[in-house]
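Please look at the model below before reading the notes.

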Amino acid sequence: MAEQIGFIGLGIMGRGMVRNLLRAGFAVRVWNRTAAKMTEFVPAGATTATSPADLARQCDIIIICVSDTPDVQAVILGEHGVLAGAPAGALVIDMSTISPQVTRQLAAALAQKGVHMLDAPISGGSEGAARGTLSIMVGGQADQVARAMPLFQAMGKAITHVGDHGTGQTVKLVNQILVVVNMLAVSEALLFAQAGGLDLSKALEAVSQGAAGSWMLSNRGPQVIARDWRPGFTVDLQQKDLRLVLQAADQMGIPLLGTSTVFQLYRTLQARDLGSDGNHALAKALEQLAGLEIGRDA
Ligand code: NAP
């Protein structure tokens with residue numbers, strides 16, 4: 001019999017991922033802390049649960065996509081958490097971005113009850129979640145990765161098993177260094193183009209297919225030019241990830257100059273109450289330093 005899937009966390013990412021699982025024909029039961037967000041999935045075929053424990057009792061595979069490390073801990077270890085309901089043999093897949101160290105602790109706590117775990121953080125933004133084209137970086141045992149593969153294929157395109165528990169999260173932090181330092185380059189380049197009096201859309205078109213091309217440039221560059229700061233990924237969540245990167249780098253004793261600079265620039269946005277803007281609002285931090293606005297007539 002096909003496995004019953006549970007999904008916890010119907011945020012920007014979770015919403016698209018659940019829709020793709022339903023489209024692929026999986027039986028999905030959902031739970032979200034703010035219960036009203038579950039309603040829209042019922043006509044699409046989802047059933048609902050009253051708590052993470054209730055969901056876990058009724059599911060073989062439980063996917064989690066919530067905000068931060070303490071949130072995943074609460075959802076799994078809390079009084080009405082997944083651990084309280086999951087039967088032996090169940091599989092918990094955490095697709096949130098959280099601490100690699102805590103991930104290993106959670107995998108050990110679940111294993112004591114005979115419950116398997118994979119860390120499978122994602123990249124590709126809200127667009128990737130909606131289109132089913134996420135990159136998924138998976139840590140854990142190979143047999144459980146094989147068990148989860150049909151689900152991953154419904155939600156993503158590039159699925160890479162990178163090692164044991166926690167390694168998926170560490171690779172995700174590698175991804176985040178690349179994303180933010182790239183966004184710094186995109187912001188700096190657009191500021192320079194603005195100061196140079198260029199047609200910004202033409203400049204973007206001219207450079208995006210060459211060696212300077214990137215996902216951030218093609219997807220977030222036009223949003224910066226249009227001054228559309230709606231989030232695919234919020235500044236606040238981006239800061240959470242950079243904190244995880246900088247903590248890990250500190251433990252390893254390596255300097256991360258670019259990432260540290262971007263962390264401080266995002267901090268200036270949070271101080272201006274812009275934490276719910278998209279992470280491409282990094283451009284606004286540079287604009288303030290330069291006394292110049294991108295996409296506005298001089
Ligand atoms: P989001 O839109 O802010 O949604 C967060 C979800 O987590 C909501 O469903 C929220 O429930 C739930 N949640 C938060 N704290 C909780 C708690 N203590 N207990 C139970 N539920 C809790 O965030 P998102 O953008 O979907 O991101 C989710 C995860 O994916 C994060 O780890 C993020 O870093 C990662 N991610 C995001 C992106 C992106 O582009 N957005 C890309 C890659 C990875 P409520 O509805 O009740 O608030």
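Between which domains does the largest pocket lie, and why? Domain 1 (5–164) and domain 2 (170–290) both give residues to its lining, so the largest pocket lies between them. The domain bounds come from an automatic or database domain assignment.

1. This is a predicted model, in which local features need pLDDT of at least 70 and side-chain atom pairs count only at pLDDT 80 or more, while totals for chains, interfaces and linings use all residues. Residues are numbered from 1 along each chain as its sequence is written, and side-chain values use heavy atoms, with hydrogens and water left out.

2. The largest pocket holds about 1,100 Å³ of space. Its lining has 45 residues, and Met13, Cys65, Val66, Phe233 and Leu237 are the closest to its centre. (A pocket is an open set of points on a 1 Å grid over the protein atoms alone where a 1.4 Å probe fits, with protein on both sides within 12 Å along at least five of seven lines; lining residues have an atom within 4 Å of a point. A volume is the space filled by probe spheres set on the points, which are joined across faces, edges and corners.)

3. α8 gives the most to this lining, with 6 residues. (Helices are DSSP runs of H or I with at least four residues, and strands are runs of E with at least two, numbered from the N terminus.)

4. The second largest pocket has about 370 Å³ of space. Among its 21 lining residues, Pro100, Leu173, Leu244, Gln247 and Ala248 lie nearest its centre. Here α11 gives the most, with 9 residues. Domain 1 and domain 2 each supply at least three residues to this lining.
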